[in-house]
Amino acid sequence: MSSDQPPPLAKPFWRRGLAGFLDFITVFFGGGYAIGAATGQTTQDGFNLTGGPALLLFALIVLYFYLGWKVVGGTLWQRILGAR
């Protein structure tokens with residue numbers, strides 16, 4: 001007899017897709033507003049990043065997903081929705 005177990009089933013696509021979408025929205029608005037507040041680029045309607053702060057937000061989004069997927073073992077919404 002073999003002790004091999006079948007591989008675990010992949011999580012449904014809707015969970016993984018929704019988690020990715022909500023992660024992006026969370027980091028974009030949360031990080032964008034935090035960077036905007038720190039650099040004085042907030043407006044009446046939220047934030048308006050240009051130049052270096054906009055690049056910093058882009059780098060923050062990439063770093064968030066890299067750390068979530070490769071280092072930590074799941075992003076915030078992947079853990080909440082059980083998509084990891």
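## Notebook: helices, rings and a surface patch

I began with what covers the buried residues of H1, and the cover includes strand E1 (42-43), strand E2 (46-47), H2 and helix H3 (76-81). I note here that the model is predicted.

**Entry: helix H1**

I looked up the extent of H1. Helix H1 covers residues 13-39, which is 27 residues. From its first C-alpha to its last, H1 reaches 38 Å. That is close to the 39 Å expected at 1.5 Å a residue.

Which residues of H1 are buried? I listed Ala19, Asp23, Val27, Gly31, Gly32, Ile35 and Gly36. Then I checked what follows the helix. Gly40 comes after H1, and its phi is positive, near 75 degrees.

**Entry: Val27**

I picked Val27, which lies in helix H1. Is Val27 buried or exposed? Val27 has 8% relative accessibility, so it counts as buried. The cut-off for buried is under 20%.

What does Val27 touch, once residues up to four places away in sequence are not counted? I found Gly32, Leu57, Leu60, Ile61 and Tyr64. I also looked up one C-alpha separation. Val27 and Phe58 are 31 residues apart along the chain, and their C-alpha atoms are separated by 9.8 Å.

**Entry: Thr39**

I moved on to Thr39, also in helix H1. Thr39 has a relative accessible area of 41%, so it is partly exposed. Leaving aside neighbours within four places in sequence, I found Thr39 in contact with Leu49 and Pro53. The C-alpha atoms of Thr39 and Leu49 are separated by 8.9 Å. Along the chain these two are 10 residues apart.

**Entry: helix H2**

Next I took H2, which runs over residues 52-72. Its buried residues are Pro53, Leu57, Ile61, Phe65 and Gly68. What covers them? The cover includes H1. I had already found H2 among the cover of H1, so I can read the relation from either helix.

Pro53 turned up in my notes on Thr39. Just after H2, I noted that Gly73 takes a positive phi of about 95 degrees.

**Entry: Thr75**

Where is Thr75? I placed Thr75 in the loop between H2 and H3. Thr75 has 2% relative accessibility, so it counts as buried. I then listed its contacts, leaving aside neighbours within four places in sequence. They are Asp23, Tyr64, Phe65, Gly68 and Trp69. Asp23 is one of the buried residues of H1.

I checked one more separation. Thr75 and Ala19 are 56 residues apart along the chain. Their C-alpha atoms are separated by 8.2 Å.

**Entry: aromatic rings**

How many aromatic pairs are there? I counted six aromatic pairs. Phe28 and Phe29 form one that is edge-to-face. Their rings are 5.1 Å centre to centre, with 85 degrees between the planes. The pair counts as edge-to-face because the cut-off for the planes is over 60 degrees. Phe28 has 29% relative accessibility, so it counts as partly exposed. Phe29 is partly exposed because its relative accessible area is 47%.

Tyr64 and Phe65 form an edge-to-face pair too. I noted 5.4 Å centre to centre and 85 degrees between the planes. Are these two residues buried or partly exposed? Tyr64 has a relative accessible area of 23%, so it is partly exposed. Phe65 has 13%, so it is buried.

I also found a cluster. Ring pairs link Phe24, Phe28, Phe29 and Phe47.

**Entry: a surface patch**

Which residues make the nonpolar surface patch? Leu63, Tyr66, Leu67, Val71 and Val72 make it. The area of the patch is about 470 Å².

I looked up Leu63 in particular. Leu63 sits in helix H2. Leu63 has 46% relative accessibility, so it counts as partly exposed. Residues in a patch need over 30% relative accessible area.

Technical notes: Residues numbered from 1 in each chain as written. Predicted model: local features only at pLDDT ≥ 70, side-chain atom pairs only at ≥ 80, totals over all residues. Heavy atoms only, no water. Patch = residues over 30% accessible without salt bridge, like charges linked within 9 Å, V, L, I, M, F, W, Y side chains within 5 Å. Areas by Shrake-Rupley, 256 points an atom, 1.4 Å probe, with all protein chains shown as cover. Salt bridge = Lys/Arg side-chain N within 4 Å of Asp/Glu carboxyl O. Helix = DSSP H or I, 4+ residues; strand = E, 2+ residues; numbered from the N terminus. Buried < 20%, exposed > 50% of the residue type's maximum accessible area, 1.4 Å probe, protein only. Phe/Tyr/Trp six-rings, centres within 6.5 Å; stacked < 30°, edge-to-face > 60°. Expected span 1.5 Å × (residues − 1). Contact = heavy atoms within 4.5 Å.
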